[in-house]
Amino acid sequence: MAKRLGRKYLSQPATLLAKELVGKLLCRQTENGVMRYRIMETECYYGEEDTACHASRGKTERTSILYGKGGIAYVYLCYGIHSLFNVVTGPEGHPEAVLIRGVLGYNGPGKLTKAMAIDKELNGEDMVSSARLWLEDDGYKPSVRADKRVGIDYATPEYRDILWRYIADEVEYRPVK
DNA sequence: AGATTGATAAGG
DNA sequence: CTTATCAATCTT
């Protein structure tokens, strides 16, 4: 039986939750009904010291949401085209988040948000209490492997090469190379 | 390999 | 105000 992920769970460090969230269900309620997709790929962004994290240059209008409570949605427009969806994690006041990079059926951060009708309108949504967007655990536990993060060449080498990307080891899931 | 697309953040 | 940059995707 699936149960909704709560504040306490989502307030754990992103470094831990990035791996934990792989295999969980991302749920979206729209006027057409409920969608549920299993999370297959994530990335961890952790703290101002992580030069790949949007908060690395301090708190700004955009990144202030990263400093909020665990369980808040952080959605922003990338390259002017794609909405990217993150789950803010950790204690309030510390900037960290888990980027959802892929779900079963959609192998890219911009593709899954399009499929699930997630856009910046959902930025700041509290997934602990929201009726539109939330996370569930149905007990499924895939095996997970780690890899380097993608698309962050601008980061310093120590953070560019860190293994903060987590991918479910599923035969039917093939992430973009 | 190249085009696309617009919000964001830094600089003048 | 102006400009460079970007946690990507699709087409050639």
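**Notes on the protein–DNA contacts**

1. Of the atoms of DNA strand C within 4 Å of the protein, 57% are sugar or phosphate atoms, and bases supply the rest. Please keep in mind that this is a predicted model, in which local features need pLDDT of at least 70, side-chain atom pairs count only at pLDDT 80 or more, and totals for chains, interfaces and linings use all residues. Residues are numbered from 1 along each chain as its sequence is written, chains are lettered from A in the order in which they are written, and side-chain values use heavy atoms, without hydrogens and water.

2. DNA strand C has 19 residues around it, and His54, Asn86, Gly110, Gly151 and Tyr154 come nearest; "near" asks for a heavy atom within 4 Å. By class, this surface has 11 nonpolar, 6 polar and 2 charged residues, with Tyr counted as nonpolar and Gly as polar.

3. Now the polar contacts (pairs of N or O atoms within 3.5 Å). His54 places a polar side-chain atom 2.7 Å from a base nitrogen of DNA strand C. A phosphate oxygen of DNA strand C lies 2.8 Å from a backbone N or O atom of Gly110, and one is 3.4 Å from a polar backbone atom of Lys111. Strand E5 (82-88), strand E6 (96-103) and helix H3 (109-115) each give two or more residues to this surface; helices (H or I, at least four residues) and strands (E, at least two) are DSSP runs.

4. On to DNA strand B, which is surrounded by Thr60, Arg62, Tyr79, Gly80 and Ile81. The side chain of Thr60 has an N or O atom 2.4 Å from a phosphate oxygen, while a backbone N or O atom of Tyr79 is 2.5 Å from a base oxygen.

Conventions:
A polar contact is a pair of N or O atoms within 3.5 Å; within protein, one must be able to donate a hydrogen and the other to accept it, and residues adjacent in sequence count only if both atoms are side-chain atoms.
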